[in-house]
Amino acid sequence: MTITLAENYGFCFGVKRAIDIAEETQGAFTYGPLIHNSKEINRLKNDFNVGLQEDISQFKPQDTVVIRTHGIEKNELQYLKDKEVDIIDATCPYVTKPQEIVQEMSQKGYDIVIFGDENHPEIKGVKSYAEGNVYVVLTKEELADIPLKNRIAVVAQTTRKVDNYLDLINYMIVKYKEVRVFNTICNATFENQDAARDLAQKSDIMIVIGGKNSSNTKQLLAIAKEYCPDSYLIEGPEELQDSWFKQKEACGITAGASTPDWIIKQIKEKIASF
């Protein structure tokens, strides 16, 4: 059986940057998980003494607090500033951009539509920068009962599929007079998704590696399953099952943006041992 890695996979720019920041601030705390990968968070704790705190009220003045890659809500950031903690911002610049757009366009009187998952930390943060009407949707059908004005600005969660974003935008452009569209989907997301799509068409089994609560990893799994029904999402080598690989000839591997190389290597080696 051949084992092939996707042309693009794994750590994106924003995650690499956040990991570097965390490793340089030993003894700090992250507010919420720095990235969506529990194994990498445990490595940072064990090797660099980087703690995890999810209760914002527990921070004390002079604590060093690293802001996660997905960003936090505007009022939470202000709370930390008022508490006089030492803030180190590891928010991905691709996440900071929609925050800035939402704030600017809402100040100009535009209704804001965010294409994404309302419960995702990135979207909670982006939404908090709106100063007027703001709505979070995943489908065009959800817009039917929303009383939007004729001036609308649209942004997308950085890890969403571009085809679904285009479907929403095409619907809105026909229905409303002025729709300002901002392409806030990350380039790394495009590249990883395209590479996964290409590899899945050449494979009879696909292994997608990453956090099971990671949006971009779940998107990769959905794409892989379109072309290769025997696709599996795992976080570590212990989840692999020998039976998956019986009578398979071509195994493809891809990984989410929060998946470190050391986990990918472990999984590839275990597959090769079957």
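1. Helix α7 has 14 residues, and its first and last C-alpha atoms are 20 Å apart, close to the 20 Å expected at 1.5 Å a residue. The expected span is 1.5 Å times one less than the number of residues. Helices (H or I, at least four residues) and strands (E, at least two) are DSSP runs, numbered from the N terminus.

2. This is a predicted model: local features need pLDDT of at least 70, side-chain atom pairs count only at pLDDT 80 or more, and totals for chains, interfaces and linings use all residues. Residues are numbered from 1 along each chain as its sequence is written, and side-chain values use heavy atoms, with hydrogens and water left out.

3. The buried residues of α7 include Thr189, Asn192 and Leu199. Buried means under 20% relative accessible area, exposed over 50%, partly exposed in between (1.4 Å probe, protein chains only). They pack against β1, β10, α8 and β12, where contact means heavy atoms within 4.5 Å.

4. In α8 (residues 215-227), the buried residues include Ser215, Leu220 and Ile223. Among the elements covering them are α7 and β11.

5. The count of salt bridges is 14; each is a side-chain nitrogen of Lys or Arg within 4 Å of a carboxyl oxygen of Asp or Glu. Glu226 pairs with Lys161, the closest N and O atoms being 3.0 Å apart. Glu226 lies in α8 and Lys161 in the loop between β8 and α6, so the pair ties together parts 65 residues apart in sequence. Glu226 is partly exposed at 48%, while Lys161 is buried at 14%.
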